[in-house]
Amino acid sequence: MTTLLRPGRVSPMRKVPAHIERPEYVGRKEPRRGGSDVQTPETIERMRVAGRLAAQALEEVGRHVAPGVTTDELDRIGHEFLCDHGAYPSTLGYRGYPKSLCTSINEVICHGIPDDTVLRDGDIVNVDITAYIGGVHGDTDATFLVGEVDEESRLLVERTREATMRAIRAVAPGRRLNVVGRVISAYAKRFGYGVVRDFTGHGISTSFHSGLIVPHYDDPSLAVELVPGMTFTIEPMLTLGTVEYDLWPDGWTAVTRDGRRTAQFEHTIVVTDGGSEILTLP
C-alpha cells in the first residue's frame, strides 16, 4: 500500500511580534545542545507556565479540527494563540522548520508540515505544539479524529493515549528510564501495534531537546536512573502496521512505509518525590 498523502503548498513563515523572546536557535542552523536533565524548583515553575500554555494552545487548535479545514489554518490558529499569550512557537525556525506546529495526518508518523492540504472526513491528525516562554519550553501533542472515523483508527488513537498515560504513571524516582518503553511496548503488543523506534521522547527545559533520549520501546541497556526534578517528554508513536518509514524530500515528514495509519500523544513531565507530574495540562 503506497502513501495516499502528497505534499501541499506551504505558505510563508508567520511573523512573531518583536517583543516576544526568541529561543537561542532562531536564525541559526543548529541549536546549542545541552541543558541539565534535572531542574531547579524555579525552572520547573516556569515550565508549568509554558506547559499549561502549550496545552491550552493544543485545545484551541483541536477545537478547529474538522473536515474541510486546511492544516495551514490549524497552524495559523496555534501561532496566533501562542503569540497572543506572549509565547514563541518553539518549532518555528528550529533547524529551519518553517511552521509553528506539526500536523501529521493518517500515515504520517511525525513532523508533518502544515500546508494547503484539506482534512477529510475519516482522517486522523496529530497536532504537535510547543510554547517557549520564560526561557523554557513546554511540548505536547494529541491525535484528533476528523469527522466520522473508522473503528480501527479510533481504537488506535484511544490506545495510543492510554499507552502514554500508562508510561507516565510508571515513572518514579529510583526506577530506570527504560520503564517508559517497557510499559508502552507491553501494552502495544496486546493489540499487535508497532512501536516506532527512530523517533523518541527527549529531555526538555531551557533547551528544546537537551540530549536525553527517551525510547518508547524496551531497551534493557538503558541505565539512566530517574531522579526528582528530571524533565522530559513521553510521546509514543504506535502504528497499525510496520514501523519502517520513508522521509519526504522536505526532510521532515516521516510516513509509514506501508501507508498504514499511526497515532501519537505527548506530554512534558517532571519526576517528583512520589512519581511524576504532567506539566502540559490546560
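User: Is Cys110 buried or exposed?
Analyst: Cys110 is buried, at a relative accessible area of 4%. Buried here is under 20% relative accessible area, exposed is over 50%, and partly exposed is in between (1.4 Å probe, protein chains only). Keep in mind that this is a predicted model: local features need pLDDT of at least 70, side-chain atom pairs count only at pLDDT 80 or more, and totals for chains, interfaces and linings use all residues. Residues are numbered from 1 along each chain as its sequence is written, and side-chain values use heavy atoms, with hydrogens and water left out.

User: How many disulfides are there?
Analyst: Zero, taking a disulfide as a pair of cysteine sulfur atoms within 2.5 Å. For Cys102, the nearest cysteine sulfur is that of Cys110, 7.8 Å away. Cys110 is in no disulfide either, and its nearest cysteine sulfur is that of Cys102. Cys102 is buried too, with a relative accessible area of 6%.

User: OK, switching to charges. How many salt bridges turn up?
Analyst: A search of the whole structure gives 20. The rule is a side-chain nitrogen of Lys or Arg within 4 Å of a carboxyl oxygen of Asp or Glu.

User: What does Asp72 pair with?
Analyst: Asp72 forms a salt bridge with Arg14, with 2.9 Å between the closest N and O atoms. The two are 58 residues apart: Asp72 is in helix H2 (residues 71-84), and Arg14 is in the segment before helix H1 (41-63). Helices (H or I, at least four residues) and strands (E, at least two) are DSSP runs, numbered from the N terminus. Asp72 counts as buried, at 16% relative accessibility.

User: And which residue does Arg95 meet?
Analyst: Glu30, in a salt bridge at 2.5 Å, N to O. Arg95 sits in the loop between strand E1 (88-89) and strand E2 (102-105), while Glu30 is in the segment before H1, so this pair ties together parts 65 residues apart in sequence. Arg95 is partly exposed at 33% relative accessible area, and Glu30 is partly exposed at 44%.

User: What about Arg76 and Glu73?
Analyst: Their side chains meet in a salt bridge as well, at 2.7 Å, N to O. Arg76 and Glu73 are three residues apart in helix H2, which means about one helical turn separates them. Arg76 is partly exposed at 28%, and so is Glu73 at 29%.

User: Which residues do shared partners join into one network?
Analyst: Arg14, Asp72, Asp75 and Lys99.

User: Nice. On to the rings: how many aromatic pairs are there?
Analyst: Seven. Rings of Phe, Tyr and Trp (its six-membered ring) pair if their centres lie within 6.5 Å; planes under 30 degrees apart are stacked, over 60 edge-to-face, and the rest tilted. One of the pairs is Tyr187 with Phe191, edge-to-face at 5.1 Å centre to centre and 75° between the planes. Tyr187 is buried, at 9% relative accessible area, whereas Phe191 is partly exposed at 27%.

User: How do Phe199 and Tyr245 pair?
Analyst: That pair is tilted, with 5.1 Å centre to centre and 55° between the planes. Phe199 lies in the loop between strand E6 (194-195) and strand E7 (201-202), and Tyr245 in strand E11 (residues 245-247), so the pair ties together parts 46 residues apart in sequence. Phe199 is buried at 16%, and Tyr245 is partly exposed at 24%.

User: Which residues do ring pairs link into a cluster?
Analyst: Tyr25, Tyr94 and Phe208.
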